[in-house]
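Colleague: Hi, could you walk me through this one? I'd like to go from the fold to the contact between the chains.

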Amino acid sequence: MIDPGGITQLDLPGPAIEGEARRPAQSYWNESWERLRANRIGVFCGALILILALIAIAAPVFSQFVTHFDPARQHLSDNFRSPGHPYLLGTDELGRDTLTRLIYGGRVTLGVAFLTVALSLTLGTTVGLVAGYYGGWPDDILMRVVDVFLAIPAIFLFILMSILFRPNAITLAAIIASVGWGGVARLVRGEVLSVKQRDFILATRSIGARDLRLIFRHLLPNVLPVLIVAASLGVGQIILIEAALDFLGLGIQPPTASWGNMLTNAESYFFHSGWLVVFPGVTIFVTVLASNLFGNAVRDAFDPRLKAH
Amino acid sequence: MIVKFIARRLLASVIVVLGVTAVTLTLMDRTRGAYVPGLDLNPALRPEDIARLRADLGLDQPFYQWYVTWLWNVLHGDFGRSMIDGSPVLTHILERLPNTLELTLTAVVLGILISIPLGVIGALRRGSKTDHALTVFSVAGFAVPQFWLGLMLILVFSVTFEHYGWPWLPSGGVTSPFGGGDIGDRLLHLIMPATVLSFFYLSLWSRFTRSSMLEVLSQDYIRTARAKGMSERRVVYLHGLRNALIPLVTLIGLELPGLVSGGLIVEVVFSWPGLGRLAFERALQYDYTTVMGVVFFVTLLVVAGNLLADVLYAVLDPRIRYS
């Protein structure tokens with residue numbers, strides 16, 4: 001069991017073993033990090049995500065020096081151009097450069113995904129810690145609320161909220177997170193319930209530690225691995241949700257490009273411009289694939305109990 | 001024991017349904033002012049006419065009062081009338097329900113029928129090329145956006161095939177507009193949406209069956225069965241698979257909410273006149289009563305599905321009942 005800062009970390013003076021090298025003491029984090037680094041697929045996918053994120057952040061640089069187009073600039077006489085020169089991935093119905101829009105769309109899509117993860121983790125962890133630690137009626141009430149949020153078919157909730165709030169990137173993240181936190185809360189609560197039973201908590205309490213100290217210094221670090229795993233596994237799913245909402249016209253509104261809303265009208269151009277459907281979809285697919293594989297690697301590294309066969 | 005278990009779960013379900021409708025209504029309530037955009041601007045309507053219209057629809061009441069009235073009516077089987085066309089909401093729902101069920105049940109059945117054998121093969125030939133191929137397939141299945149998969153299928157099997165004069169698949173609807181409607185026509189329309197919808201379940205359930213099967217096959221009782229000379233077939237299917245499938249029951253039950261929401265996107269992509277698309281289109285038009293009706297109805301199905309899965313699980317695995 002994971003126990004950073006707990007009893008197992010005490011460096012007890014062991015009997016000196018002659019001639020036999022003792023395994024150097026390694027913290028849980030070091031070990032997990034080593035395991036993650038040894039996973040080649042995981043490292044590759046993590047690097048890919050990082051590169052995509054960097055490209056998205058540096059989008060203006062790319063449009064200036066690589067694609068030479070502005071994402072919103074329309075070249076009406078050049079609409080529906082096939083991939084080639086000078087439009088590397090072709091243009092859309094308004095003659096906008098597809099590659100530039102993909103790069104700018106990455107900003108929105110990845111930004112929303114990371115923000116959503118951050119929001120749902122914060123809210124979910126808080127609720128889970130409180131419910132798990134205090135138990136009793138706060139637990140009952142909070143968990144019934146979670147039940148309700150997890151029972152509403154999520155897409156209806158997204159649709160209603162999107163119609164109400166006409167989202168930009170930040171509100172869209174809040175909307176998606178408003179459903180995602182429920183799962184995190186359940187997860188954290190379960191973890192807290194099991195950690196709470198352990199002796200080091202009793203020991204800490206018996207030397208007079210207060211609730212807040214127990215929660216933040218002792219419970220939270222023990223829940224952290226589960227959170228890291230949940231976060232890295234969540235990114236891919238959130239990108240899929242966000243793309244679907246954008247596609248339905250409920251997420252990021254044009255003219256701002258996002259990977260999902262680039263596909264909204266694609267159906268009308270099927271006949272002559274199939275690539276307008278192919279490129280954004282492939283981008284989403286590859287990104288989600290890399291996120292999921294990286295998430296799996298993180299899970300295997302940080303939570304060996306969960307390792308799939 | 002089991003009665004008490006069911007009763008407890010039933011109570012929790014009722015609370016959930018009430019909570020869901022309350023949340024939905026709170027959200028919908030914010031759109032009230034927008035009901036029928038342009039109503040306030042119509043010069044032919046005097047202010048008192050508008051007030052009367054609003055009063056007819058109960059829009060002048062505070063929303064908790066509206067909620068209680070609505071709940072009371074729903075409990076008596078009256079889902080109210082659509083705010084757009086005045087037709088009974090229940091009629092709309094019952095009209096769309098068979099289409100949604102046709103799609104989702106086909107997808108689930110396809111998913112179960114294909115994923116379980118795939119999972120068993122993966123587990124029995126662990127580490128083989130087949131196993132690796134299945135893993136790649138399911139990892140890809142998790143990552144592909146459902147709506148995009150639908151678009152690509154349309155692009156290939158409808159647009160391109162038609163372009164080259166090959167037999168092509170219809171890209172939308174339940175039946176052909178003219179003269180369609182026989183069973184072959186319906187099946188032809190069902191192929192692509194059902195494929196897209198079952199794709200995700202295939203990836204999910206085949207992975208799950210595989211790891212569940214591996215877990216079971218490493219148990220002592222499997223070794224015992226083998227040791228007493230039972231044929232491998234019997235060991236795998238009678239002792240292995242039967243136990244490996246127990247957790248899958250819960251998983252399938254838990255996926256029911258996802259089934260309806262996943263269904264919504266597929267319904268939109270393939271212009272499938274189902275419940276999800278009804279809710280989606282009516283929500284865009286601020287049709288309060290219809291949206292409430294559909295959400296209530298779907299939540300009821302979801303909660304019933306979860307309840308059923310719980311009970312089935314308790315029946316299949318007695319350890320659950322007594323904990």
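Predicted model: local features only at pLDDT ≥ 70, side-chain atom pairs only at ≥ 80, totals over all residues.

Modeller: Happy to; we'll take one chain's fold, then the interface, then a couple of residues.

Colleague: Which residues are buried in helix 5 of chain A?

Modeller: A:Val146, A:Val148, A:Phe149 and A:Ala151 are buried there. That helix covers residues 136-151, and its 16 residues reach 23 Å from first C-alpha to last, close to the 22 Å expected at 1.5 Å a residue. The expected span is 1.5 Å times one less than the number of residues.

Colleague: On to the interface. How many residues of chain B are in contact with chain A?

Modeller: 40 residues of chain B are in contact with 36 residues of chain A. Contact here has C-beta atoms, placed from the backbone, within 7 Å. On the chain B side, the largest share, nine residues, comes from helix 1 of chain B. By class, that side has 33 nonpolar, six polar and one charged residues. Nonpolar covers Ala, Val, Leu, Ile, Met, Phe, Trp, Tyr, Cys and Pro, charged covers Asp, Glu, Lys and Arg, and the others, Gly among them, are polar.

Colleague: At what angle do helix 6 of chain A and helix 1 of chain B pack?

Modeller: They pack at about 20°, with axes 9 Å apart. That makes helix 6 of chain A roughly parallel to helix 1 of chain B, a label for angles under 35 degrees. A:Leu160, A:Met161 and A:Leu164 meet B:Thr24, B:Leu27 and B:Met28 in this contact.

Colleague: What about helix 6 of chain A with helix 11 of chain B?

Modeller: The angle is about 15° and the axes are 10 Å apart. The residues of this contact include A:Ile159 and A:Ile163 from helix 6 of chain A, and B:Phe280 and B:Leu284 from helix 11 of chain B. By class they divide into eight nonpolar, no polar and no charged.

Colleague: Why does B:Phe280 count as buried?

Modeller: B:Phe280 counts as buried because it has 22 C-beta neighbours inside 10 Å. Not counting residues up to four places away in sequence, B:Phe280 touches A:Ile159, B:Leu264 and B:Val268. B:Phe280 lies in helix 11 (residues 275-284) of chain B.

Colleague: Last topic: where is B:Ser271 found?

Modeller: B:Ser271 is in the loop between helix 10 (256-269) and helix 11 of chain B. Its phi is near 45°, a positive value in a residue other than glycine.

Colleague: Buried or partly exposed?

Modeller: B:Ser271 counts as partly exposed, because it has 15 C-beta neighbours inside 10 Å.

Note on methods:
Residues numbered from 1 in each chain as written. Chains lettered and ligands numbered in written order. Helix = DSSP H or I, 4+ residues; strand = E, 2+ residues; numbered from the N terminus. Buried ≥ 20, exposed ≤ 12 C-beta atoms within 10 Å, placed from the backbone. Contact = placed C-beta atoms within 7 Å. Axes fitted to C-alpha atoms, helices over the stretch in contact; angles between N-to-C directions. Parallel < 35°, antiparallel > 145°, perpendicular 65-115°, else oblique.
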